[in-house]
Amino acid sequence: MALQPQPVFMFANQAGLDMLETTLVALQGITLEKIFDESGRKALCPDFAKLMQQGFACLPSGMCVSTMGRHVSYEQAVSWKVFSDCEVNNNNRIHCLAFLFANWSFL
């Protein structure tokens, strides 16, 4: 399964903005492909299926890249689905995916 290059970041607290080295306005143009390199995307794929099936996934430690190109390591990440408040055919529609990066630091 290939991830489509769609903006996925809609909101971040100050720590998230600091980690990605971006602003709240520029955040909406950031895609998963921009912050995860090839090895990071490959590591995310098995957990992505789990995320879509179970609604959440705990990701092991890893690395990503800030918008300025600096490498960021993190101890653990958690991702979960956020649903819209409307129902279509008795199924909740996914509004977005949320990510939490714990104990991150620039390398």
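Student: Is asparagine 103 buried or exposed?
Tutor: In this predicted model, asparagine 103 is exposed, with a relative accessible area of 56%.

Student: Where does asparagine 103 lie?
Tutor: Asparagine 103 sits in the loop between S5 and strand S6 (105-106).

Student: What about the phi of asparagine 103?
Tutor: Asparagine 103 has a positive phi of about 55 degrees, although it is not a glycine. As background, most residues other than glycine have a negative phi.

Student: Which residue has a positive phi of about 50 degrees?
Tutor: That is glutamate 21, which is not a glycine either. Glutamate 21 is found in the loop between H1 and H2. With 23% relative accessibility, glutamate 21 counts as partly exposed.

Student: With what does glutamate 21 form a salt bridge?
Tutor: Glutamate 21 forms a salt bridge with arginine 70, and the closest N and O atoms are 3.2 Å apart. The pair links distant parts of the chain, 49 residues apart: arginine 70 is in the loop between strand S2 (62-65) and S3, while glutamate 21 is in the loop between H1 and helix H2 (24-27).

Student: And how exposed is arginine 70?
Tutor: Arginine 70 is partly exposed, and its relative accessible area is 38%. Arginine 70 also lies over the face of phenylalanine 106, at 3.8 Å from the ring centre.

Student: How many salt bridges does the count come to?
Tutor: The count comes to 2 salt bridges. Besides the pair of arginine 70 and glutamate 21, glutamate 38 forms a salt bridge with arginine 41, with the closest N and O atoms 3.1 Å apart.

Student: How many residues apart are glutamate 38 and arginine 41?
Tutor: They are 3 residues apart in helix H4, so about one helical turn separates them. Glutamate 38 is partly exposed, at a relative accessible area of 45%. Arginine 41 also counts as partly exposed, at 24% relative accessibility.

Student: Changing topic: how many helices and strands are there in the protein?
Tutor: The protein has 4 helices and 6 strands. Along the sequence, the pattern reads α-α-α-α-β-β-β-β-β-β.

Student: In what order do the strands of the open sheet come?
Tutor: The open sheet is formed by 3 strands in the order S2-S3-S6, with antiparallel pairing. S2 and S6 are the edge strands, each pairing on one side only.

Student: How many bridges join S2 to S3?
Tutor: There are 4 bridges joining S2 to S3, and these strands run antiparallel. Valine 65 stands opposite histidine 71 in S3.

Student: What does phenylalanine 36 touch?
Tutor: Leaving aside residues up to four places away in sequence, phenylalanine 36 touches Arg41, Leu44, Met63, Cys64, Tyr74 and Phe101. Phe36 also belongs to one aromatic cluster with Tyr74, Phe99 and Phe101.

Student: How many aromatic pairs does the count come to?
Tutor: The count comes to 4 aromatic pairs. In one of them, the rings of tyrosine 74 and phenylalanine 101 have centres 5.0 Å apart and planes at 70 degrees, so the pair is edge-to-face. This pair links distant parts of the chain, 27 residues apart, with tyrosine 74 in strand S3 and phenylalanine 101 in strand S5.

Student: Are tyrosine 74 and phenylalanine 101 buried or exposed?
Tutor: Tyrosine 74 counts as buried, at 8% relative accessibility. Phenylalanine 101 is buried too, with a relative accessible area of 15%.

Student: Why is the pair of phenylalanine 99 and phenylalanine 101 stacked?
Tutor: The pair is stacked because the ring planes are at 10 degrees, with the centres 6.1 Å apart. Planes under 30 degrees apart count as stacked.

Student: Last one: what percentage of the 107 residues is buried?
Tutor: Buried residues make up 32% of the 107 residues in the protein. As for contacts between residues at least 6 apart in sequence, 47% join residues at least 24 apart.

Conventions: Residues numbered from 1 in each chain as written. Predicted model: local features only at pLDDT ≥ 70, side-chain atom pairs only at ≥ 80, totals over all residues. Heavy atoms only, no water. Contact = heavy atoms within 4.5 Å. Salt bridge = Lys/Arg side-chain N within 4 Å of Asp/Glu carboxyl O. Helix = DSSP H or I, 4+ residues; strand = E, 2+ residues; numbered from the N terminus. Buried < 20%, exposed > 50% of the residue type's maximum accessible area, 1.4 Å probe, protein only. Phe/Tyr/Trp six-rings, centres within 6.5 Å; stacked < 30°, edge-to-face > 60°. Lys NZ or Arg CZ within 6 Å of the ring centre and 35° of its normal. Pairing = 2+ DSSP bridges.
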